[in-house]
Amino acid sequence: MEAATAPEAALRPTLKVKEASPADADGPQASPRRGTGSPLSQLLPPIEEHPKIWLPRALRQTYIRKVGDTVNLLIPFQGKPKPQAIWTRDGCALDTSRVSVRNGERDSILFIREAQRADSGRYQLSVQLGGLEATATIDILVIERPGPPQSIKLVDVWGSSATLEWTPPQDTGNAALLGYTVQKADTKSGLWFTVLERCRRASCTVPNLIVGNSYTFRVFAENQCGLSENAPITADLAHIQKAATVYRTEGFAQRDFSEAPKFTQPLADCTTVIGYDTQLFCCVRASPKPKIIWLKNKMDIQGNPKYRALTHLGICSLEIRKPGPFDGGIYTCKAVNPLGEASVDCRVDVKGKGRSVTLGCKHLLTP
C-alpha cells in the first residue's frame, strides 16, 4: 500500500482502546477482564467486528460550503454488535437547534438545513464499541462573498496610463482573497469594462487609455465564492490629455509663378464654305490670368453677335456663325496681363461657287 501523507493521516479515522478505570470495573464493560465463567460475561454479546469509520475521500480535506447551502454528510462505519456513534464540534456537544444527527446500523448522517458562517469548525465522529473506539475528524468551512474594498483613489495620470490604490476589505467572507478585479468606464458611454482580473496587490496601473477621454474606476474583491456585491468608485476623473506638439518648419523661398502671356498652340489658317459655322482654336499660358481680345483685320469684334468667343483652362476659341463672303480676312487673338501681352494671327478664306482664296498664318509677339 502507498504511504499516507501527513494531512491525510491526520484526517483518517483512528481506532483507540479505552483504558479501564475503577468505575469501569464495576460496569458491564469490565466483563472481558473477568473469568469466562462470570454471569456478567455471559450477558454481553461478543465483539464480532471492531469499530471502524469509512471516511469518504472528499471529506479528508476541508469541506467548503456557501452560506445558505445544505450540509448533508453521510459517514459509513462498521462494528458488530451496533456501536454507539457520537458527534462533537471542537470538543463540545453539538447545538441541536442548528445541527441534526441520525445514526443508523451502518452509517451516521450530519445535516444542516441552511449553513451559516457560525457553523464552520472541526467536527468529530466517535464510534464506540465496548472498550474500542474509532474517530474521524471533518473540517467544515462556510464562506460567502467578501465585502468591497474600503476605498479607492486615483494616484497619478501620465500619458495614456493611470495609477490606482485601494485598501483591502474588512470582511473577507471567511475565506482567503483570490485578488481584485479592476474596471474602467469613460464618461462618454458610461459602460464598465474589466481591465485587470485577480490583481494580488492593492494597487495597479491601467494602461492604453484613449487620448481625449475621461475615466472613472472601480475595484471588486474576490474570493472562492465570487466577487463582492459592491465596489468603491474613484471620486476624481482621469483626464487623458494629448501632449502638446510643436512643429518647426524650415524657411524656404516661395516660387514665383508669374508669367507673361505665351501662346503654346497658335491659330491655324482655314478655308470654309459660305453658310457653315467655323471655329478657330489656340492655347495660351500666363499668370495671372490674361484678358483675351479677338480682332478681325485689326478691328475689335468683342460684342458682335456674329462671333462667339470662349476661354477655358487656357484654351481660346472663336466661333464664326454662318460666314458670308465678307467674313474672310485676318483674325487675331491677343492675350494681355500686367506682365505683358502676346498675339497670334491666322487667315480665313470663305469660298463659294467659282472662287477660292489661299490663306497664310502670321504670329505676333508683343513684349
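Two strands pair if DSSP finds at least two bridges between them, and strands themselves are DSSP runs (E, at least two residues) numbered from the N terminus. The views below come from a predicted model, where local features need pLDDT of at least 70, side-chain atom pairs count only at pLDDT 80 or more, and totals for chains, interfaces and linings use all residues. Residues are numbered from 1 along each chain as its sequence is written, and side-chain values use heavy atoms, leaving out hydrogens and water.

**View 1. Strand β13 and its partner β16.** Ala185 stands opposite Thr216 in β16. Nine bridges join β13 to β16 (residues 214-223), and the two run antiparallel. Because eight of the ten residues of β13 (residues 177-186) are buried, this strand is largely enclosed by the rest of the structure. Buried means under 20% relative accessible area, exposed over 50%, and partly exposed in between (1.4 Å probe, protein chains only).

**View 2. The hairpin of β13 and β14.** Here four bridges join β13 to the antiparallel strand β14 (residues 193-199). Look for Val182, whose bridge partner in β14 is Leu196. Six residues lie between the strands of this hairpin, where Gly190 takes a positive phi near 75°.

**View 3. Cysteines without disulfides.** A search of the whole structure finds zero disulfides (pairs of cysteine sulfur atoms within 2.5 Å). For Cys204, the nearest cysteine sulfur is that of Cys199, 5.3 Å away. Cys204 is buried, with a relative accessible area of 6%. Cys283 is in no disulfide either, and its nearest cysteine sulfur, in Cys282, is 6.8 Å away. At 23% relative accessibility, Cys283 counts as partly exposed.
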